[in-house]
Amino acid sequence: CAAGEQRKVTVCMDTTPTSEVVRAEAQASQMFAAIGVKLDWRCSKSGSQEAIVISLVAHAPENRKPGELAYALPYEGTHIVILYDRVSKIMPNQVHAVLAHVVVHEVTHILQGFPRHSETGVMKAQWDSSDFSQMTWKPLRFTADDADLIQRGLDAREARSLVASNHVQ
């Protein structure tokens with residue numbers, strides 16, 4: 001990828017676009033743009049690359065761990081479920097900020113291709129009150145390792161997509 005060129009990832013937020021969702025998508029896009037990744041928000045496939053599908057569920061299933069806000073299926077590479085009832089209760093006046101960070105965190109798991117966490121930033125395993133407070137005025141950052149693993153994950157996704165398209169022809 002040429003220096004300064006953004007790599008595109010198609011993402012589909014499978015829900016009604018409320019003001020919180022639209023604001024969260026915009027903030028998530030800005031957070032990824034800072035590391036050279038452009039989120040393309042639409043519900044269709046872009047070329048041969050499969051879209052990442054994010055579902056918002058109104059009520060967390062009983063089998064999910066307390067405090068869990070979302071989960072991704074990184075080995076499957078496509079699906080994310082956000083437990084919206086839990087996200088919306090953390091900071092009711094800043095739902096978009098928390099939702100944006102949850103989206104970025106889970107999309108990162110999908111792009112990296114495995115469930116890894118960092119000591120700090122947006123990929124921290126559990127955010128504390130200081131992290132939630134920061135989200136309201138300045139987005140949590142990716143660590144250099146997170147950004148590198150996202151780029152490597154995008155390379156792997158593109159290679160798999162190329163192999164799959166060659167098998168179809």
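In what sense do strand S1 and S3 pair, and over how many bridges? Select strand S1 (residues 7-14) together with S3, and you will see two strands that pair in the parallel sense, over four bridges. Two strands are said to pair if DSSP finds at least two bridges between them, and the elements themselves are DSSP runs numbered from the N terminus, helices being H or I runs of at least four residues and strands being E runs of at least two.

Before moving on, note that this is a predicted model, in which local features need pLDDT of at least 70 and side-chain atom pairs count only at pLDDT 80 or more, while totals for chains, interfaces and linings use all residues. Residues are numbered from 1 along each chain as its sequence is written, and side-chain values use heavy atoms, with hydrogens and water left out.

If you colour by pLDDT, which is the predictor's confidence in each residue on a scale from 0 to 100, the protein averages 90, and 91% of the residues score at least 70. Confidence is lowest in H5, with a mean of 86, and highest in helix H3 (residues 95-112), with 98.

**The sheet**

Now select all the strands: five of them form an open sheet in the order S2-S1-S3-S5-S4, with mixed pairing. At its edges are strand S2 (37-41) and strand S4 (70-72), each of which pairs on one side only. From one strand to the next, the twist averages 25°.

Zoom in on strand S3 (residues 52-57), where Ile52, Ile54 and Leu56 make up a covered face, whereas Val53, Ser55 and Val57 make up an uncovered one. Val11 stands opposite Ile52 of this strand. S3 also pairs with strand S5 (residues 79-83), in the parallel sense and over five bridges, and here Ser55 stands opposite Val81.

Tyr71 stands opposite Val81 in S5, and the bridge partner of Ala72 in S5 is Ile80. The hairpin of S4 and S5 has six residues between the strands, and in this hairpin Gly77 takes a positive phi near 85°. S5 is mostly covered, since four of its five residues are buried, where buried means under 20% relative accessible area, exposed means over 50%, and partly exposed lies in between (1.4 Å probe, protein chains only).

**Helices across the sheet**

Show the helices next. H1 lies across S1, S2 and S3 and runs at about 155° to S2, while H3 lies across S1, S2, S3, S4 and S5 and runs at about 155° to S5. Contact here means heavy atoms within 4.5 Å, and the axes are lines fitted to C-alpha atoms, for helices over the stretch in contact, with angles from 0 to 180 degrees between N-to-C directions.

**Rings and a charge**

Display the aromatic side chains, remembering that rings of Phe, Tyr and Trp (its six-membered ring) pair if their centres lie within 6.5 Å, and that planes under 30 degrees apart count as stacked, over 60 as edge-to-face and the rest as tilted. By this rule, there are two aromatic pairs. Phe32 and Phe142 form a tilted pair, 5.2 Å from centre to centre and with 50° between the planes. Because Phe32 lies in helix H1 (residues 19-33) and Phe142 in the loop between helix H4 (129-135) and helix H5 (144-168), this pair ties together parts that are 110 residues apart in sequence. Phe32 and Phe142 are both buried.

The rings of Trp127 and Phe132 have centres 5.9 Å apart and planes at 85°, so this pair is edge-to-face. Trp127 is buried, with a relative accessible area of 14%, and Phe132 counts as buried at 14% too.

Return to Tyr71 and select Arg64, whose charged end sits over the ring of Tyr71, 3.7 Å from its centre; a charge sits over a ring if NZ of Lys or CZ of Arg is within 6 Å of the ring centre and within 35 degrees of the ring normal.

**A last stop**

Is Asn63 buried or exposed? Select Asn63 in the loop between S3 and S4, and you will find that Asn63 is exposed, with a relative accessible area of 63%.
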